[in-house]
Amino acid sequence: MAMLNLGGFGPAGTLDARASWVSGKFLSPEGNLISSPRALEWLYKRRSFGSVKFTGKNDGFECTSKSTYSLSFGTGDEAALQRDGRYVPRPHLTSITTKNQGSGDISDIAMWDISFEYVVYSQADFNAATTAFMIPGNFVNVTFGWNNGFGQVSINEAGIYNFGWTYNLDGSWTCNASALATTATAGGFVIKPSSKPSTSKDASGAETEYFGIGAQLQAKINEALNLGRDDGGGVTNDGLEEGQAKANGPYGVIKIQKEASSWDMLTSLGSANEIVVSFVQLKEIVSFLVSTAMAPNGKIVSNEATFVYNSILKSADPSRILMPGLGANYKTTGGKTNDFSAIGGTVGKVEDIWISTGLIIEIENKLLERKKEGEQASYTVNQFMSQLLKEIETETGSVVNCYLQSDPQSSGVKTYTIVNRHNDIKGSTEPGYTFRTLTPNSIIKGISMSSNLDAEMSAIAYTGGSGKYPNNAIKKVFNCTPKNESGADGANDTTIEDLNNKIKQMGNNYNMNEVSEFRSILKKYFMSKVFPSGKSIPYSINLSVTFDGVDGIQFFNTFTVDNLPGGFGDVFFAVGEIEHSVSSGNWDTTIVGYMMINT
């Protein structure tokens with residue numbers, strides 16, 4: 001099953017029809033221009049409608065008022081109605097805006113945000129409206145569209161989270177509220193260190209209590225592998241020779257031969273040249289989070305994420321991250337000791353990557369340190385997974401560059417899928433739709449482009465093999481060929497030799513002082529030599545297009561415009577942000593496309 005397929009454009013047929021309506025005529029199958037009654041209807045008779053309805057339900061509170069309440073555009077059929085002794089309009093909406101929070105990153109489309117404004121003219125209306133739209137967690141249904149069947153959008157059960165109002169001199173209240181679609185609560189799954197500890201016994205029968213996630217997973221490893229722990233948390237009775245590993249299902253342990261100074265050896269009576277590290281696979285971490293913090297309302301899918309496999313691609317720090325199977329063998333380039341391939345796992349599967357419990361505990365502690373004084377210690381699943389995936393990216397030289405993907409338009413169980421930016425987005429052959437600009441029947445109302453490149457990064461860091469984008473893709477953005485990093489011929493030829501040497505060093509003795517350089521060389525090799533082909537990756541340039549409102553656009557639909565700047569090569573744009581704005585009888589849709597380049 002493909003992870004993420006870019007392509008198509010949902011409302012292409014509708015937009016093509018509008019292009020004909022804009023001109024007032026359309027081309028018949030015989031090639032004749034025919035006047036279009038639909039064009040007149042589109043140009044002169046269309047008008048937007050919209051409503052926001054309180055469902056009577058609240059996500060977090062038991063409220064005394066559970067009555068439904070609804071507002072719509074317009075002030076009622078009568079010109080004036082008596083309210084509080086005055087003749088004033090009915091309460092009514094003045095605007096609705098819906099958008100997702102993409103922020104230029106394809107991984108950030110999940111937050112479907114809705115804001116609306118309305119006006120009320122009496123104390124009774126004010127009380128009714130604020131009871132419906134000014135209590136956090138109240139669920140509202142939002143609908144808007146065109147009359148005469150030109151399309152509409154509906155978002156159900158969005159939770160109120162912000163609100164405000166202003167009293168006006170004419171005795172009215174101008175009010176506003178914001179809501180998040182229920183599918184957008186990625187941060188809603190909260191993890192709290194357990195108040196009831198898990199316990200584990202070591203080989204001597206001594207019992208240890210565990211509270212945090214890392215510690216609870218560590219206890220599972222102890223049980224699965226019959227490991228003991230000393231007072232400092234170190235593993236005892238592992239039964240391993242130096243440089244070996246063993247596993248039981250998703251739980252594993254390794255004994256690393258490390259480089260030790262003569263003083264370390266002297267003070268430890270010869271034992272300072274090895275460390276024992278316990279590991280758990282990513283899929284077990286995901287399973288633990290789902291069962292303890294997300295079920296039954298949410299889940300993470302991990303079994304579809306993949307990475308390109310090459311025997312030379314390792315983790316730069318095997319005490320924190322280990323690639324599965326043969327990816328954990330550091331003897332492949334001449335090392336003598338450290339071969340952890342017995343820890344197992346399927347090469348190329350992200351969920352089989354091994355994470356040290358020490359790293360899990362480290363991430364957890366950093367997140368807990370952020371809490372404000374007096375708050376209960378907690379963090380969200382999204383925070384934890386984002387930090388963990390970032391650590392995996394760092395140690396794998398960006399071979400595994402993952403994020404949690406969700407669809408704000410989905411319903412039901414909140415599902416977040418792990419996606420590898422560098423392997424799981426299939427290349428698109430051509431844009432699903434092309435917007436026309438310099439034509440009499442163009443439907444575009446506004447268009448703009450902006451780049452989001454990091455000013456602190458030099459151009460060579462973006463185009464060179466050690467930078468953010470691979471060499472085989474960057475040529476397609478600006479029709480340019482990257483120079484060698486140092487400016488000298490053959491500057492990258494030593495990459496494979498350098499990488500082999502680092503693996504050999506790690507295969508002989510683990511040395512933490514070599515890890516940083518190992519990371520750098522690994523990333524350069526991946527970006528310049530073995531970055532997978534046939535994929536699409538986002539580049540930091542966005543294209544924004546505004547046109548008359550339309551439904552049916554899906555995230556990752558692809559498009560372009562017919563007059564891109566001349567310097568661009570083989571690029572297209574994937575829908576990453578959608579905004580609908582409805583007011584004064586009009587509905588505008590704005591889409592932001594993230595530039596995608598095929599490798």
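The model is predicted, so local features are given only at pLDDT of at least 70 and side-chain atom pairs only at pLDDT 80 or more, while totals for chains, interfaces and linings use all residues. Residues are numbered from 1 along each chain as its sequence is written, and side-chain values use heavy atoms, with hydrogens and water left out.

## Overall composition

The chain holds 12 helices and 33 strands; these are DSSP runs numbered from the N terminus, with helices being H or I of at least four residues and strands E of at least two. Of the 599 residues, 50% are buried. Here buried means under 20% relative accessible area, exposed means over 50%, and partly exposed lies in between (1.4 Å probe, protein chains only). Among contacts (heavy atoms within 4.5 Å) between residues at least 6 apart in sequence, 67% join residues at least 24 apart.

An open sheet of three strands has the order 21-26-25, with mixed pairing; two strands count as paired if DSSP finds at least two bridges between them. Strand 21 (298-301) and strand 25 (402-405) form the edges, each pairing on one side only. From one strand to the next, the twist averages 20°. Strand 21 and strand 26 (residues 414-420) run parallel and are joined by four bridges, and Gly 298 has Lys 414 in strand 26 as its bridge partner.

Helix 6 (residues 282-294) packs on this sheet, where it touches strand 21 and strand 26, and its direction makes about 175° with that of strand 21. Helix 8 (residues 381-395) also packs on the sheet, touching strand 21, strand 25 and strand 26, at about 155° to the direction of strand 25. Axes are lines fitted to C-alpha atoms, for helices over the stretch in contact, and angles run from 0 to 180 degrees between N-to-C directions.

The two helices also pack against each other, at an angle of about 170° and with their axes 12 Å apart. Helix 6 and helix 8 are therefore roughly antiparallel, a term for angles over 145 degrees, whereas those under 35 count as roughly parallel, 65 to 115 as roughly perpendicular and the rest as oblique. In this contact, Leu 282, Ile 285, Val 286, Leu 289, Ala 293 and Met 294 of helix 6 meet Val 381, Phe 384, Met 385, Leu 388 and Ile 392 of helix 8. By class, the contact has 11 nonpolar, no polar and no charged residues. Nonpolar covers Ala, Val, Leu, Ile, Met, Phe, Trp, Tyr, Cys and Pro, charged covers Asp, Glu, Lys and Arg, and the others, Gly among them, are polar.

In strand 19 (residues 251-257), seven of seven residues are buried. Tyr 251, Val 253, Lys 255 and Gln 257 point one way from the strand, while Gly 252, Ile 254 and Ile 256 point the other way. The pairings of strand 19 are listed below.

| Partner | Sense | Bridges |
|---|---|---|
| Strand 18 (residues 245-248) | antiparallel | four bridges |
| Strand 20 (residues 274-281) | antiparallel | seven bridges |

Ala 245 has Ile 254 in strand 19 as its bridge partner, and Tyr 251 stands opposite Val 280 in strand 20. The hairpin of strand 18 and strand 19 has two residues between the strands, and Gly 249 takes a positive phi near 65° there.

## Backbone positions of note

Most residues other than glycine have a negative phi, and most peptide bonds are trans. The bond from Ala 295 to Pro 296 is cis, with omega near 5°; Pro 296 lies in the loop between helix 6 and strand 21. Asn 226 has a positive phi near 55° and sits in the loop between helix 4 (213-225) and strand 16 (228-229). Asn 226 is exposed, with a relative accessible area of 56%. Ser 398, with a positive phi of about 75°, belongs to the loop between helix 8 and strand 25 and is buried at 3% relative accessible area.

Gly 7 occupies the loop between strand 1 (4-5) and helix 1 (12-23) and is partly exposed, with a relative accessible area of 25%. The C-alpha atoms of Gly 7 and Pro 431 are 6.6 Å apart, although 424 residues separate them along the chain.
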